[in-house]
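Please keep the sequence and the model in view while working through the numbered points.

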Amino acid sequence: MELTALQQDALIELLSIGFGRAAASLSQLTGHRVVLEVPQVSVHPIATLDSALRSLVSDEVASVHQIFSGPVAGDALLILDYKAAGMLKELLTDEAPLPLPLDASAREVLTEVGNILLNACLGTFGNLLQVQVSFSVPQLNLDSLSEILRSLMVNREGLRYGLVVHAGFRLRDAEVTGYLVIVLSVASLDRLIRSVEAWEQGQS
Amino acid sequence: MTSKILLVDDSALARRSTRRILEGAGYQVVEAEDGMAAIEQYFVEKPDVVLLDLVMKGMYGLEVLAKLREMDPQASVVVLSADIQTSSREMVQAAGAAGFLNKPADAQQMLDVVARAVERGDSWS
């Protein structure tokens, strides 16, 4: 399944708005300017999602996972490498980071930051597409990328494709890079694309 | 007399940062980390305003809001949530909340909303 050029453009426009809202929230949280890259979007069969993401992040990652439901439903993950996760903790608490698996304060920070950023991005979609999106309690995982993706697939036979969105953002001249990954069933991906097309037509 | 705020959020980070803002403005703050504790604390502490997160483990914020309002129709509950959707704000208002703030909350905006909720029971403009 591939996106047409028009679908890709419309999704990127929507994602830019969502990421912009997330970046504004991150800037407000940290007190620093956030520089955002243009989001990249691609669709991958679930079986190749691991290799698609491996080109972006190292194997050990911190991820905040929220299930979202509504007319468009799936899983959303904010993925950061350990270095970025430690830097965020330092920016938000003025405390030096410890090794992440041992740092309860950092895990708290990441869970809340992930909650705010995922809500900012997906909530913006809900507003623009005029659909109500509901969210689960955010869960933080410190694990290999493969294990995180594998755990999403348990009992989820309907998940065939993953929409991978990534946008780098930089804080305070440092390179803290995060990635948003959205995993949808074929039906939800189809509905999302149709909603985005309708939204985009409404804009012109 | 110092007004008392009950802060309900499963995120310790969110509770800490919100507590700092409220105590800095002279409010007395008590905390609950989930819905069941919030309901208990409400009747023990008798706060003037409740600041309530929406998405929490166990009872969701809307359930807590409904329960508090059922037990005390005068309960003044301001929702503080990462959910930025307009539809969620409308849902919260329809459920009888006294106000709605998005995370991360601007400190002055939070204080204005809480002050209005303390003074007149709601903060919707």
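1. A residue is called buried under 20% relative accessible area, exposed over 50% and partly exposed in between (1.4 Å probe, protein chains only). Lys46(B) counts as exposed because its relative accessibility is 62%. Lys46(B) also has a positive phi of about 50 degrees although it is not a glycine.

2. On the basis of the work: this is a predicted model, in which local features need pLDDT of at least 70 and side-chain atom pairs count only at pLDDT 80 or more, while totals for chains, interfaces and linings use all residues. Residues are numbered from 1 along each chain as its sequence is written, chains are lettered from A and ligands numbered from 1 in the order in which they are written, and side-chain values use heavy atoms, with hydrogens and water left out.

3. Helices (H or I, at least four residues) and strands (E, at least two) are DSSP runs, numbered from the N terminus. In these terms, Lys46(B) is found in the loop between helix 2 and strand 3 of chain B. In chain A, the loop between helix 4 and strand 5 (134–135) holds Gln130(A). Gln130(A) likewise is not a glycine, yet has a positive phi, of about 55 degrees. With a relative accessible area of 72%, Gln130(A) is exposed.

4. Which residues of helix 2 (residues 35–45) of chain B are buried? They are Gly35(B), Ala38(B), Ile39(B) and Tyr42(B). These residues lie on the same side of helix 2 of chain B because they cover an arc of only 100 degrees around the axis, the arc being that of the directions from the helix axis to the C-beta atoms. An α-helix has 3.6 residues a turn, so residues three or four places apart point the same way. The face turned away from the buried side of helix 2 of chain B carries the exposed residues Met36(B), Glu40(B) and Val44(B).

5. The buried residues of helix 2 of chain B pack against strand 1 (4–8), strand 2 (28–32), strand 3 (49–52) and helix 3 (61–71) of chain B. Contact here means heavy atoms within 4.5 Å.

6. Helix 4 (residues 104–129) of chain A packs with helix 1 (residues 12–24) of chain B at an angle of about 85 degrees, their axes being 8 Å apart. Axes are lines fitted to C-alpha atoms, for helices over the stretch in contact, and angles run from 0 to 180 degrees between N-to-C directions. In this contact, Glu108(A), Val109(A) and Glu112(A) meet Ala12(B), Leu13(B), Ala14(B) and Arg16(B).

7. Is Ser63(A) buried or exposed? Ser63(A) counts as buried, because its relative accessibility is 0%. Ser63(A) is in strand 3 (residues 60–69) of chain A. Leaving aside residues up to four places away in sequence, Ser63(A) touches several residues, among them Leu77(A), Ile79(A), Leu140(A) and Ile148(A).

8. Ser88(B), in helix 4 (residues 86–94) of chain B, is buried at 1% relative accessibility. With residues up to four places away in sequence not counted, Ser88(B) touches Gln132(A), Asp83(B) and Phe100(B).

9. Finally, the peptide bond from Lys103(B) to Pro104(B) deserves a look: this bond is cis, with omega near -10 degrees. Pro104(B) lies in the loop between strand 5 (99–102) and helix 5 (107–120) of chain B.
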